[in-house]
Amino acid sequence: QVQLVESGGGLVQAGGSLRLSCAASGSIASINYMGWYRQGPGKTRDLVAHIASDGSTNYADSVKGRFTISRDSPKNTVYLQMNSLKPEDTAVYYCNVRGIRTDWGLGFNSWGQGTQVTVSS
């Protein structure tokens with residue numbers, strides 16, 4: 001079993017900043033992918049940013065230059081620093097972690113519980 005615990009969401013005014021955290025725990029042998037997705041009201045869940053095991057990153061065009069994804073590998077934790085927030089960034093943010101479990105070398109693909117980010121205009 002691999003569990004993810006998210007934190008850091010909340011209400012912020014446009015132009016403000018928030019930092020999301022997602023800590024993975026459990027039967028983890030290795031992690032090869034950590035990402036953040038978001039789902040706005042009535043919308044699909046879309047990729048915001050992800051970071052690979054080699055540190056390479058990828059961002060949605062809508063957040064480039066404003067959001068930064070990073071990871072603390074020893075702590076199995078991924079962060080999303082969100083600056084210059086806009087009302088259209090309002091959504092539930094989910095972390096996604098993929099890797100290999102210690103038991104039997106099976107892969108895992110786990111999702112966090114989601115954290116609400118609301119940006120007021």
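In which strand is threonine 77 found? I began my notebook with this point and located threonine 77 in strand 8, which covers residues 77-82. I note at the outset that the model is predicted.

**Entry 1: threonine 77**

I looked up the accessibility of threonine 77 and found a relative accessible area of 8%. The residue counts as buried because this value falls under 20%. I then examined its side chain: a polar atom there lies 2.9 Å from the backbone oxygen of lysine 75. For contacts, I left aside residues up to four places away in sequence; threonine 77 then touches Cys22, Ala23, Met34, Ser70, Arg71 and Asp72.

**Entry 2: the disulfide**

I searched the whole structure for disulfides and recorded one. Its partners are cysteine 22 and cysteine 95, with sulfur atoms 2.0 Å apart. The pair links distant parts of the chain, as the two cysteines stand 73 residues apart. I placed cysteine 22 in strand 3 (residues 18-26) and cysteine 95 in strand 9 (residues 91-101). I also noted the handedness: the link is right-handed, with 50 degrees about the S-S bond. In general, a disulfide is a covalent bond between the sulfur atoms of two cysteines.

**Entry 3: accessibility of the cysteines**

How values were computed:
Residues are numbered from 1 along each chain as its sequence is written. This is a predicted model: local features need pLDDT of at least 70, side-chain atom pairs count only at pLDDT 80 or more; totals for chains, interfaces and linings use all residues. Side-chain values use heavy atoms; hydrogens and water are left out. A disulfide is a pair of cysteine sulfur atoms within 2.5 Å. Helices (H or I, at least four residues) and strands (E, at least two) are DSSP runs, numbered from the N terminus. Buried means under 20% relative accessible area, exposed over 50%, partly exposed in between (1.4 Å probe, protein chains only). A polar contact is a pair of N or O atoms within 3.5 Å; within protein, one must be able to donate a hydrogen and the other to accept it, and residues adjacent in sequence count only if both atoms are side-chain atoms. Contact means heavy atoms within 4.5 Å.
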